[in-house]
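Thank you all for coming; I would like to walk you through one structure this morning. Please have a look at it first, and then we can go through a few places together.

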Amino acid sequence: VIKCKAAVAWGAGKPLSIEEVEVAPPKAHEVRIKIVATAVCHTDAYTLSGADPEGCFPVILGHEGAGIVESVGEGVTKVKKGDTVIPLYIPQCGECKFCKNPKTNLCQKIRITQGKGVMPDGTSRFTCKGKQIYHFMGTSTFSEYTVVADISVAKIDAAAPLDKVCLLGCGISTGYGAAVNTAKVEPGSTCAIFGLGGVGLAVIMGCKIAGASRIIGIDINKDKYAKAKEFGATECISPQDSKKPIQEVLVEMTDGGVDYSFECIGNVGVMRAALEACHKGWGVSVIVGVAAAGQEISTRPFQLVTGRTWKGTAFGGWKSVDSVPKLVTDYMSKKIKVDEFVTHTLPFDKINEAFELMHSGK
C-alpha cells in the first residue's frame, strides 16, 4: 500500500480537500500509476457540483493526467513498470462488439463498474481516514498515485512533457477529434464553434488542420477572441451583440448557414442554435458539450427533414489505446498544438484555485 496526497471530494458542492490517502496495490489486469501532472476539466466540476447522476462521494476526481507506471498486477502485458502513460476514461479492450466496430470508440467492457466509481472487480483501491473513496471515470488523476484497469491506459513516448500531454487525456483530443473524426470537416468548409474554452479551441485547431476556409468562433466572453484567432478562427462574434437569435445571424453571415457547427458548452439552448445555424441540405452539427442531467434537446423536425444532421461525440471518436500515442507523436512533431492550451501551472495543493480560474473563464 502506498500512502500519498490526493484531492478528495467529500461531498457535492464542497471544495476539494488535500488528504493523505492509501492506494492499494494493483490486482489482476490493473496498473498503478504515479501521476506526474493533471489538468482540470469542466466534467470534474460538473460532478463536484452534484449535478451528475452518476456522481458518488467521497471521490477522487480527475481524468486528464499523465504519469509513470509504478507497478502492474497479474496478467498485465501491454505496459510495465517505468513506462510513460496517459490514463484513459474511455478504455479500449479490443474484444467487445464496440471495440470491434470501426464506427465507434465507446468500449463498454468496464462501463458499468466505472460508472459506479469502482474497479472492474467492484471494489475501490483508495481509502482515507478509514473510509472507502470512490474512483472517477476509471482514472482519478487528482491523486499522486492511482490505479486503473489495464485497458484504460495508453503507453506514450517517454520524451513527452507530461505537464503538457496530460491534456490529450480529454480536452484537446475531444475537440480535435470532433472536427476531424466526427464531423470529418473538408477543405474549404465554413465552420462555427460555440464556446471558446479549451475544447472549443481544439475544435478550431481541427477545423484549420482539415482545411476549413472560414472558422467562426462564438462566445459571450470577448477576452477569448484573441486566443481563438491564434488557433485559427477567422472571426469571432458574441450572441449578445445582436437582437436576432445567433443562428439567424450566422445564416445571414454565411449565405444560408455553416457546413459544420460544434457545441462545446453543454447548453441545450445553444445546441439548438448550433443545429439551426447549419446549411439546409448538408449542414452537420456536432454536440461536444455535456448537458446537465435530465435536460433534453429540441428543434423542429423540419430542420432535419430539410437535410441537416445532428451528431454527438465522446473523446473525439478516437479509439483510445491506439490513438492517444499517435496524438502524442503528432504533438512532438508539431502537427498539433498542446503547449498553447496551458494558461496556468499550479502546485497540486492549489487545485481549488485551478477550478476558480476555470469557472472565471481564465
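Leaving aside its neighbours within four places in sequence, which residues is E19 in contact with? They are C4, K5, A6, V8, W10, C128 and K129, where contact means heavy atoms within 4.5 Å.

Before I go on, please keep in mind that this is a predicted model, in which local features need pLDDT of at least 70 and side-chain atom pairs count only at pLDDT 80 or more, while totals for chains, interfaces and linings use all residues. Residues are numbered from 1 along each chain as its sequence is written, and side-chain values use heavy atoms, with hydrogens and water left out.

Coming back to E19, this residue lies in strand β2, residues 17–23 (strands are DSSP runs of E, at least two residues, numbered from the N terminus). E19 counts as buried because its relative accessibility is 12%, buried being under 20% relative accessible area with a 1.4 Å probe, protein chains only. The side chain of E19 also makes a polar contact with the side chain of S17, at 2.7 Å; such a contact is a pair of N or O atoms within 3.5 Å, where within protein one must be able to donate a hydrogen and the other to accept it, and residues adjacent in sequence count only if both atoms are side-chain atoms.

Now to the cysteines. C4 is buried as well, at 6%, and its sulfur is 10 Å from the closest cysteine sulfur, in C128, which is too far for a bond. A search of the whole structure finds zero disulfides, meaning pairs of cysteine sulfur atoms within 2.5 Å.

Notes
Helices (H or I, at least four residues) and strands (E, at least two) are DSSP runs, numbered from the N terminus. Buried means under 20% relative accessible area, exposed over 50%, partly exposed in between (1.4 Å probe, protein chains only).
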